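Please inspect the sequence and the coordinates before reading each solution.

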Amino acid sequence: MSAAAYTLKRVSVHDPSVVWEPVSQTYYIFGSHRASAKSKDLMSWTSFTAPWATATNKNASNSVAFTTPAVTTVKKGGVDVLLPNFNAMAWAKRGSSNYNIDGNMWAPDVIWNKAMEKWCMYLSINGDNWYSSIILLTSDKIEGPYRYQAPVVTSGFHTGTSYKDTDLELVIGTQASLPGRYAVGNNWGRRYPNSIDPCVFYDEEGKLWMTYGSWSGGIWMLELDENTGLRDYDVTYTLAGSGDGVTIDPYFGKKIAGGFYVSGEASYIEYIGGYYYLFVTYGGLAAGGVASDYNNGGYQMRVFRSTKPDGPYLDSRSNRAIFTSYLVNFGPKENDNNRGVNIFGAYTSWGNQTKGNNGERSQGHNSILAAEDGRTYLVYHTRFQNWGESHQVRVHQVFQNKNGWLVAAPFEYTGEQVKSADIATTQQIATNLIPGKYKLLVHNYKLDHTKKEAASPIDIELSSDGNITGDATGTWTIEEGTSYVTLKIGSTYYHGVMIEQTLEPTNTKAPAFTAFAATTGVTVWGYQTEAIDDIAEIKAGRNEGDGVIYDLQGRRVMTPRPNVIYIRNGRKFVLKE
């Protein structure tokens with residue numbers, strides 16, 4: 001085993017939202033319960049806590065940080081209008097007599113607002129019985145302190161006059177009483193969202209949007225005011241649909257996914273290569289393994305896309321992200337035609353992982369970043385096969401296949417240099433280096449999380465004549481001059497990319513593929529085991545005969561480095577230190 005040439009320093013940040021800070025050239029992740037971390041390379045993370053601020057305190061406690069908004073007026077129709085003096089903690093307390101704010105600061109999303117020249121944090125203040133809100137906090141520095149500005153959207157006003165404490169009347173006009181469509185009591189969760197899990201992004205035209213919601217009435221979207229970071233009160237939404245099937249609401253905006261209490265949370269949208277990609281995490285966040293609790297586990301990221309920021313969002317089989325009735329959409333009882341692209345799911349015994357122990361499961365609540373360095377990164381938290389409810393952050397590089405669908409690298413990011421644009425213009429693995437023995441992992445739907453079921457690899461061989469043999473059979477081809485690979489396994493075609501990967505925690509390199517079947521929504525991963533088991537070792541300075549040295553991409557190498565796989569005279573070798 002080669003010594004690692006990189007450092008993986010782990011952190012536990014639940015619901016990590018990634019953002020790039022250009023001045024310090026640092027990546028930041030912000031998560032629930034004030035967990036945050038930073039890294040220069042997306043591999044070695046350092047934890048920190050961003051402080052809260054009030055008008056008189058730059059290190060305020062949770063109990064006072066969200067009680068008094070700094071912004072008291074907004075523009076509507078060109079006129080200054082009053083905002084309610086919204087106490088976000090008091091609102092959340094309405095849902096529980098023993099409410100504690102410390103465990104209810106959920107899933108912040110941080111973005112640099114170009115117009116305001118502020119770092120804007122959109123934070124969920126969660127409350128029981130849908131008494132939740134998403135509030136805006138701002139700071140001059142990305143590490144804070146962050147001060148509460150005003151609410152962006154509030155949920156749970158389903159009885160009495162509670163709506164008077166929200167901005168509902170500012171949006172839809174003065175009301176003599178609570179409109180009947182909101183007076184639905186415990187049926188709120190089938191029709192309307194829980195105001196948590198924000199994702200804020202600029203579209204390609206510079207408009208600012210926020211998606212939000214979790215299970216309950218689905219994932220919704222509002223257009224924000226770029227100048228304030230708050231809701232744009234001049235944008236109106238005309239009621240569409242009725243009963244539990246409302247798809248546009250004058251207050252909550254436009255539904256883009258979920259509904260009818262179907263599972264789904266942690267929406268995240270990023271524009272990549274011509275499409276807006278919507279990630280939604282289905283299932284329960286726990287590691288699973290509780291036979292009596294179907295909702296205890298099953299966390300899995302699903303992907304949809306659209307050419308417009310507000311949808312419609314479809315998967316590869318043209319299934320809409322919106323549901324029109326209750327369905328089970330995760331786990332062994334999944335009955336919704338496996339909706340959403342399954343970019344990957346629970347797996348074990350993969351690469352150099354300890355067999356049956358450190359396999360990932362319950363991956364989700366991700367963010368994704370089309371980064372300034374030309375690469376795209378998927379950032380998520382995951383639990384593990386035998387670590388109980390402990391969780392850590394993982395980062396995988398992501399590519400577009402030839403059909404524009406996203407495929408994730410089969411191993412976590414360890415400093416690989418290939419950029420997103422390189423896939424279409426360069427062949428990362430020379431054709432003559434692809435044949436060999438591989439491990440194949442199929443990320444199927446309907447894993448039984450009550451039994452902690454996970455995908456396990458099987459053995460196949462890619463031969464030089466384009467055939468696949470072993471535990472699965474079929475054919476393979478690569479588009480010369482590109483990294484686009486097509487595999488036919490059984491009767492199903494998978495389109496993806498062939499790249500070099502590091503088999504962490506070592507520095508061993510191997511050809512690997514990640515590919516996706518548009519007809520089924522299933523992703524497959526593979527890596528070449530021959531690159532580990534069938535190579536020669538040559539001592540430094542030893543002449544092993546004439547011949548030009550190439551790397552695994554087929555590029556000529558003048559000065560080989562120790563512990564890296566090369567090829568000379570058709571033979572793979574590693575230069576020993």
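Helices (H or I, at least four residues) and strands (E, at least two) are DSSP runs, numbered from the N terminus. The model is predicted.

**Exercise 1.** Locate the proline residues at the cis peptide bonds Gly-144 to Pro-145 and Gly-311 to Pro-312.

*Solution.* 
1. The bond joining Gly-144 and Pro-145 has an omega of about 5°. Pro-145 belongs to the loop between strand E10 (133-139) and strand E11 (146-154).
2. For the bond from Gly-311 to Pro-312, omega is near 10°. Pro-312 sits in the loop between E19 and strand E20 (341-344).

**Exercise 2.** Determine whether Ala-107 and Ser-318 are buried or exposed.

*Solution.* 
1. Most residues other than glycine have a negative phi. Ala-107, however, has a positive phi near 45°, and Ser-318 has a positive phi near 65°.
2. Ala-107 is part of strand E8 (residues 105-113). Its relative accessibility is 3%, and buried means under 20%; Ala-107 is therefore buried.
3. Ser-318 occurs in the loop between E19 and E20. The relative accessible area of Ser-318 is 54%, and the cut-off for exposed is over 50%, so Ser-318 is exposed.

**Exercise 3.** Describe the largest cavity and its lining.

*Solution.* 
1. The structure contains 5 cavities of 30 Å³ or more, and the largest cavity holds about 140 Å³ of space.
2. Its lining comprises 17 residues, with Gly-298, Tyr-299, Gln-300, Leu-447 and His-449 nearest the centre. Strand E19 (300-306) and strand E21 (360-370) are the elements that each give two or more residues to this lining. E21 supplies the largest share, 3 residues.
3. By class, the lining residues are 4 nonpolar, 7 polar and 6 charged.

Definitions and conventions
Residues numbered from 1 in each chain as written. Predicted model: local features only at pLDDT ≥ 70, side-chain atom pairs only at ≥ 80, totals over all residues. Heavy atoms only, no water. 1 Å grid on protein atoms, 1.4 Å probe; cavity = no way out; pocket = protein on both sides within 12 Å on 5 of 7 lines; lining within 4 Å. Points joined across faces, edges and corners; volume = space filled by probe spheres on them. Nonpolar A, V, L, I, M, F, W, Y, C, P; charged D, E, K, R; others polar. Buried < 20%, exposed > 50% of the residue type's maximum accessible area, 1.4 Å probe, protein only.
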